[in-house]
Amino acid sequence: MNSAVMKKTMYFFVLPAMLFYCVFWIFPILKLFQYSVTDYNGYVQSFNYVGLSNFKTLFQEEILGVSVKNTLIYTFITVIFGNIIALMLALLLNANIRAKGFYRSAFYIPTLFSAIVVGFIWSYVYMPGDGLIASFLTKIGLGDVDTNFLGSYGKALYAIIAVDIWKNIGTSTIIFLAGLQSVPYELQEAGRIDGAGRWKLFRFVTLPMLATSVTINITLSIINGLKAFDYPFVMTNGGPGTSTNTLIYAMYKMAFTDQLFGKASALGIISFALIIAITAICVFTLNRKEVSA
Amino acid sequence: MKVSKMKSAGLVLASTMVLLSACGGNNNGNGNAGGNNTAGNTTTNAATENTTNNGTTTNAAADPVTLTMLVSGAKAAEDADFELETLPKLVKEKFPNVTLEVQKLPDEQYYTSVKAKLAAGEGPDIFLVFPNMANMGAIEVAKAGYAADLSGLSFWDNVSQAAKNDMSYEGKPYAVAKGMDILGTYYNKDLFAQAGITEIPKDWASFLAASDKLKSAGITPIVMGDKDPWVIQFGMYQLSANSVYPSDPTFDTKLQTGETALTDEKWVKTVNQYKELYDKEYVAKGSLGMASAQAVQQFVDGKAAMIFTGTWDLPGVTATGASEFERGFFSLPGNDAGQPVYASAATAAGYALNANSKNLEIGKQIFEYLYDGQSPLFQAWVESNPSISVFNGVELKNEIFKDVLDNIQSTGHAFYFSNQMWPAGVSDVMQTKFSEIIGGKKTTAEDVTKAMQDKYKELYKG
Amino acid sequence: MKGIAAKKLLTHLVIIALVFINLVPLLIVLSSSLRSPKNMTNPLNWFNEFTLESFQSAFTRMHFMSALWNSIVLTSVSVFFVVVLAAMAAYPMARIRSKFSRFLYIFFLSGLVVPGQMVLIPIIQMIKGLGIPMNQYTPILMFITCSLPFSTFLYTGFIRSSVPEEIEEAAHIDGCSMFRRFWQIVFPLILPVTVSVVITQGVWIWNDYFFNMVFITKASDAPLPVAMLGFLGDQQNPAQWNVLFAACILCALPLLLAFLALQKYFVGGLTMGSVKG
């Protein structure tokens with residue numbers, strides 16, 4: 001590299017972005033660390049330092065465990081199912097057929113809707129009695145099937161996860177498709193001549209070439225899952241009970257309903273640590289796989 | 001600190017009583033007490049320049065100003081929405097230079113938005129405040145210095161003392177209540193007759209018997225939209241008004257001093273009573289998947305005989321649905337046989353002015369006009385407002401509430417909504433834990449009250 | 001030959017079935033929105049009425065024109081600044097190979113994992129502390145900030161892989177200053193990834209309701225998603241679905257039209273980020 005061309009003064013280019021980023025993102029995050037040891041209520045500008053008692057109460061209460069569990073389930077399912085479905089769609093759409101563009105767009109359309117609109121639409125789909133699924137089942141004579149998805153402790157979480165997958169599948173599919181299109185045709189042909197079966201062809205020729213798209217998709221969906229907030233907020237209010245409380249939603253409730261901003265900050269710090277740890281581990285593993293593949 | 005809280009607890013209690021009696025004593029003579037209004041009194045109907053010029057504002061009137069207002073609730077589906085449409089329009093007619101920008105958000109979003117804005121010092125000029133200690137309660141916003149002291153305004157003589165007290169902190173009022181709300185049970189008279197129920201249940205046993213009759217007649221007795229968990233409060237506070245407070249009117253004061261706890265058997269009984277309605281499947285199954293609006297629709301469509309909600313839901317409950325029937329309203333009788341029924345009634349939310357607003361003076365003028373007891377704006381406000389007015393001289397508009405209100409006024413048998421004396425957050429825990437019962441988990445009433453007490457201890461800072 | 005044709009037909013059928021399942025909620029929404037508000041027949045009996053009454057009602061209730069305009073202003077201003085700031089920031093990160101440069105890259109990228117809801121209150125305090133007025137344009141600050149991590153990530157990857165250093169060296173020898181070199185040579189070359197940034201960030205900014213809900217007080221300042229919040233109470237009431245669904249369609253329509261018109265760029269933009277990044 002020619003250091004006369006790429007001078008250190010280049011770093012000045014970072015300054016404006018850095019300014020925004022530090023002032024409106026990094027400093028506020030650091031503030032959370034301060035608030036996590038106070039009884040600040042987010043509202044009246046006076047507070048006391050209370051040591052680690054916020055953390056202590058959090059570890060004694062069930063809400064932390066519940067929301068961590070829900071968040072992990074949410075993330076796991078969106079990552080696994082979201083990506084498998086998207087990959088299968090991409091493989092289907094990669095076939096040499098007409099109207100590919102149209103199909104691709106059709107899967108992409110839900111991505112364009114605001115989470116709030118998506119929440120409205122799916123509240124209708126899931127509603128017992130008058131909703132889409134319920135009235136469809138009644139129509140085909142299965143009216144007795146329990147369609148109380150959002151009102152059931154066992155099903156509500158999975159119901160909103162399905163919505164998340166539905167909304168984001170278009171993006172993942174398009175990213176996979178791009179990866180597939182980068183698989184050289186000759187390579188496939190060579191594999192076929194060598195007598196590789198369908199699965200082998202996929203596993204040893206296609207998948208390695210998809211490594212980058214897999215990494216991107218998985219990373220994005222992990223982050224998306226761990227930050228899940230929209231659908232509990234718009235569709236279930238975290239309920240029934242706490243069964244759809246994700247970490248971020250629980251924190252939001254704590255800050256704005258209980259008015260325990262200090263405690264919410266402590267929960268924020270725990271979430272933050274968890275998100276960073278999980279993301280780092282995944283990115284690290286994926287990167288290693290990508291290189292070795 | 002402790003003392004002031006205790007005092008306020010006492011006040012709530014006393015004020016509920018006063019409130020109730022005040023509503024009874026509104027003879028027309030009191031209506032004239034509003035004569036000390038500066039503006040709008042002489043020229044009632046002419047809401048035009050005349051008044052503005054004669055009135056208090058001559059210097060400020062010229063410059064166009066914009067006031068912001070943030071309230072919670074759902075937009076009126078039909079007709080003009082009072083806060084979004086009528087209010088800004090009538091304010092503009094009276095104060096041509098004033099533009100009122102109103103935003104209405106659902107409750108949850110309202111709390112988030114208004115708190116964030118107030119904390120940032122960019123709060124709306126006018127916002128909605130709840131009585132006493134509730135979330136966004138008067139005591140809290142006053143203590144934080146967000147709400148302006150309204151004691152200088154001229155219409156207070158016209159407002160019932162109780163409604164004023166519930167919006168006061170250290171003796172000064174900080175918001176004007178929309179009225180008094182009563183929690184009750186709306187019922188479908190036709191379905192009651194169909195099931196052979198001839199009179200309104202007067203105690204818990206007869207209520208259960210009536211529900212049973214409905215159920216065996218193939219009618220869903222009660223419909224609740226528990227997907228919006230706050231509706232759990234609507235039934236619960238009607239029961240606590242009977243099972244907690246009559247035998248111990250100072251329960252909440254003792255709660256503050258630690259003399260008693262929410263785990264007390266009175267609350268366990270209350271929760272168990274409500275639980276019974278679910279255990280016996282009197283409340284339509286699957287209520288956790290049904291939102292409150294949908295439940296109201298079911299009631300309106302004649303698919304269930306009863307629904308627990310408050311006076312504010314009257315427009316929804318009386319909307320035209322798939323079935324035509326006569327509606328009635330009674331207090332859920334949580335009392336034992338031989339005891340009187342207590343109602344659950346309390347001051348409704350009301351508007352407050354932002355203490356740090358540049359437009360505080362104009363805000364006060366708008367309040368003077370809105371609450372003067374006779375302006376077109378006051379009339380429109382009364383007209384659109386289903387709560388029972390706390391202004392002297394305003395007749396009860398809605399016949400349906402007459403029986404309950406008469407009973408309250410003649411006997412004084414009523415208590416406030418429990419959450420008004422709890423820190424915000426306790427009622428949420430109650431809802432969350434009770435949802436588990438509805439959802440068929442093994443949670444007991446004791447678990448519910450224990451969780452409530454733990455939350456209370458965590459949040460209450462005496 | 002016949003076998004291939006049959007196979008293709010089967011693929012089509014499978015895909016069409018999947019597309020249908022995927023879009024059925026949206027089709028029902030569309031069909032209900034085309035009914036009059038009083039038409040309470042089961043939404044499954046779709047497309048049994050065609051009228052714009054519900055749209056009219058939704059149109060006035062959400063103040064569509066002003067909400068649309070607000071959305072356009074918020075999104076375009078935010079995206080403009082994101083492009084400028086992120087492209088500039090990415091430039092040294094892509095070009096200088098040092099520990100510090102690597103640190104900056106990770107530093108920006110790690111912001112991606114922090115959810116905005118978590119830091120809302122400290123952010124507001126910061127805005128207040130700096131004396132920045134809170135009005136309808138305040139969310140722009142947050143949109144720019146939240147978009148920086150992903151955008152710098154895209155730009156850095158692209159500059160590294162697709163803009164040859166030789167071009168810059170040649171320009172340097174010709175006496176081109178660093179500033180001009182960036183804006184006149186590098187920036188035009190990274191246009192493809194700029195499209196990608198505009199699309200990925202534009203879509204989320206357009207659709208965001210959270211920051212807007214917190215900062216915007218006046219109904220007349222509200223962009224489309226915030227206008228939708230006013231319908232939150234209606235979602236559970238079948239009697240109000242037709243208007244609600246019309247509002248949903250209206251809210252999504254601008255982006256849908258943009259997508260239909262610029263499909264190529266949307267797909268290209270998404271792809272760019274993933275394959276080159």
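Reply: The side chains of A:Glu62 and B:Lys433 meet in a salt bridge, with 3.8 Å from N to O. A salt bridge here is a side-chain nitrogen of Lys or Arg within 4 Å of a carboxyl oxygen of Asp or Glu. Between chain A and chain B the count is three salt bridges.

This is a predicted model, in which local features need pLDDT of at least 70, side-chain atom pairs count only at pLDDT 80 or more, and totals for chains, interfaces and linings use all residues. Residues are numbered from 1 along each chain as its sequence is written, chains are lettered from A and ligands numbered from 1 in the order in which they are written, and side-chain values use heavy atoms, with hydrogens and water left out.

The contact around this pair takes 29 residues of chain A and 33 residues of chain B, where contact means heavy atoms within 4.5 Å. Chain A and chain B bury about 2,600 Å² between them, and carbon and sulfur atoms account for 49% of it. Buried area is the accessible area (1.4 Å probe) that two parts lose on being put together, summed over both. On the chain A side, A:Tyr43, A:Tyr153 and A:Phe256 supply 27% of the area buried against chain B, more than any other three residues.

Ten residue pairs are in polar contact across the interface of chain A and chain B, both residues at pLDDT 80 or more. A polar contact is a pair of N or O atoms within 3.5 Å; within protein, one must be able to donate a hydrogen and the other to accept it, and residues adjacent in sequence count only if both atoms are side-chain atoms. Helix H11 (230–236) and helix H12 (247–256) of chain A are the elements that give two or more residues to the side touching chain B. H12(A) gives the largest share, four residues. Helices (H or I, at least four residues) and strands (E, at least two) are DSSP runs, numbered from the N terminus. By class, this side of chain A has 13 nonpolar, nine polar and seven charged residues. Ala, Val, Leu, Ile, Met, Phe, Trp, Tyr, Cys and Pro count as nonpolar, Asp, Glu, Lys and Arg as charged, and the others, Gly among them, as polar.

Chain A also touches chain C, and that contact takes 93 residues from chain A and 100 residues from chain C. The area buried between chain C and chain A is about 8,900 Å², with 79% from carbon and sulfur atoms. Helix H1 (residues 2–33) of chain C gives the largest share of the side that touches chain A, 16 residues. That side of chain C divides into 71 nonpolar, 21 polar and eight charged residues.

Within chain B, the assignment gives domain 1 (27–179 + 348–393) and domain 2 (181–346 + 402–459); such bounds come from an automatic or database domain assignment. The C-alpha centres of these two domains of chain B lie 31 Å apart. Between domain 1 and domain 2 of chain B, the rule finds zero salt bridges.
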